[in-house]
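The points are numbered and may be read alongside the sequence and the model.

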Amino acid sequence: MALRHAVLAALLDGESSGYQLAKAFDLGVANFWHALPQQLYLELTKLERAGLVEGRQVIQESRPPKRLFTITDDGLEELARFAETAAKPSFIRDDLMVKVQAVDSAPMAPVIEQLDERAATAAAKTDFFERFLRRLRGELDEDAFLATADRLGPYLTCLRGLRFEQETSEWCARTAAVLRARQARQTQESVPQDS
């Protein structure tokens with residue numbers, strides 16, 4: 001998947017400025033596609049040149065003008081073509097996993113600390129996703145929302161983000177606990193016993 005498709009998909013929710021798009025990426029899209037704001041602005045320029053989005057300038061009274069973007073019919077066709085292509089398998093690429101892999105030959109304490117930090121971050125993201133999903137559902141329970149919602153995509157991708165963060169938090173907490181127990185045993189074994 002290219003960034004272009006993630007931007008086009010984000011614009012399905014309606015007209016958006018580059019700033020609003022960056023916030024949308026940070027809040028929702030980031031759970032499956034990471035992009036820096038400058039990458040988004042560059043991609044919007046490319047998409048506009050390609051005719052996949054249309055931009056218009058809005059004059060603001062006390063602020064500089066801003067550009068608002070909408071997806072075009074050609075952009076919708078591009079998303080349809082993209083949806084028809086086979087998805088590539090996903091994979092994990094995480095430096096913390098490499099550190100855990102090497103923990104038998106490296107200091108455990110900093111790895112445990114990083115696992116604790118990652119678990120806390122994932123727990124905070126879990127809380128965010130739960131609140132965000134409740135806001136999308138409104139008064140409906142999940143089954144009713146999924147059966148009647150006009151737009152399912154944002155909800156379903158956030159649901160996947162929620163599951164990912166829950167699993168990350170659980171794995172990091174369990175891995176840190178296992179390493180702490182190992183570290184404690186090693187410390188105990190290295191203390192000389194009184195005869």
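This is a predicted model: local features need pLDDT of at least 70, side-chain atom pairs count only at pLDDT 80 or more; totals for chains, interfaces and linings use all residues.

1. Helix α1 is largely enclosed by the rest of the structure, because 6 of its 8 residues are buried. The buried residues of α1 are Leu3, His5, Ala6, Val7, Leu8 and Ala10.

2. The axes of α1 and helix α4, which covers residues 73–84, come within 10 Å and cross at roughly 120°. That angle makes α1 oblique to α4. In this crossing, α1 passes α4 in a left-handed sense.

3. At what angle do helix α6 and helix α8 pack? The angle between α6 (residues 108–137) and α8 (residues 153–190) is about 155°, and their axes lie 7 Å apart. The two helices, α6 and α8, are therefore roughly antiparallel to each other, since an angle over 145 degrees counts as roughly antiparallel. The contact of α6 with α8 is made up of 22 nonpolar, 8 polar and 8 charged residues. The crossing of α6 past α8 is left-handed.

4. The side chains of arginine 180 and aspartate 116 meet at 2.2 Å, N to O. This pair links distant parts of the chain, with arginine 180 in helix α8 and aspartate 116 in helix α6, 64 residues apart. Arginine 180 counts as partly exposed because its relative accessibility is 38%. Aspartate 116 likewise counts as partly exposed, at 30% relative accessibility. Elsewhere, salt bridges that share partners join Arg4, Glu78 and Arg81 into one network.

5. How many salt bridges does a search of the whole structure find? The search finds 10. Glutamate 15 lies in the loop between α1 (3–10) and β1 (16–17), while arginine 56 belongs to strand β2 (residues 53–58), so the pair ties together parts that are 41 residues apart in sequence. Glutamate 15 is partly exposed, with 36% relative accessibility, and arginine 56 is partly exposed as well, with 42%.

6. A further salt bridge joins a strand to a helix. The side chains of arginine 67 and glutamate 48 meet at 2.4 Å, N to O. Arginine 67 sits in strand β3 (residues 66–71) and glutamate 48 in helix α3 (residues 37–49), so that this pair links distant parts of the chain, 19 residues apart. The relative accessible area of arginine 67 is 31%, which places arginine 67 among partly exposed residues. Glutamate 48 is also partly exposed, with a relative accessible area of 28%.

7. The structure holds 0 disulfides. Are cysteine 158 and cysteine 172 buried or exposed? Cysteine 158 counts as buried, because its relative accessibility is 2% and the cut-off for a buried residue is under 20%. Cysteine 172 is buried too, with a relative accessible area of 1%.

8. Where is glutamine 101 placed? Glutamine 101 is found in helix α5, which covers residues 95–101. At 67% relative accessibility, glutamine 101 counts as exposed, because a value over 50% is required for that class. The C-alpha atoms of glutamine 101 and threonine 175 are 11 Å apart in space, although the two residues are 74 residues apart in sequence.

9. Another pair is separated by a different distance. Leucine 36 is located in the loop between α2 (18–27) and α3. With 38% relative accessibility, leucine 36 counts as partly exposed. Leucine 36 and glutamine 188 are 152 residues apart along the chain, and their C-alpha atoms are separated by 47 Å.

Note on methods. Residues are numbered from 1 along each chain as its sequence is written. Side-chain values use heavy atoms; hydrogens and water are left out. Axes are lines fitted to C-alpha atoms, for helices over the stretch in contact, and angles run from 0 to 180 degrees between N-to-C directions. Helices (H or I, at least four residues) and strands (E, at least two) are DSSP runs, numbered from the N terminus. Angles under 35 degrees count as roughly parallel, over 145 as roughly antiparallel, 65 to 115 as roughly perpendicular and the rest as oblique. A crossing is left-handed if the near helix is turned anticlockwise from the far one by less than a right angle, and right-handed if clockwise. Ala, Val, Leu, Ile, Met, Phe, Trp, Tyr, Cys and Pro count as nonpolar, Asp, Glu, Lys and Arg as charged, and the others, Gly among them, as polar. A salt bridge is a side-chain nitrogen of Lys or Arg within 4 Å of a carboxyl oxygen of Asp or Glu. Buried means under 20% relative accessible area, exposed over 50%, partly exposed in between (1.4 Å probe, protein chains only). A disulfide is a pair of cysteine sulfur atoms within 2.5 Å.
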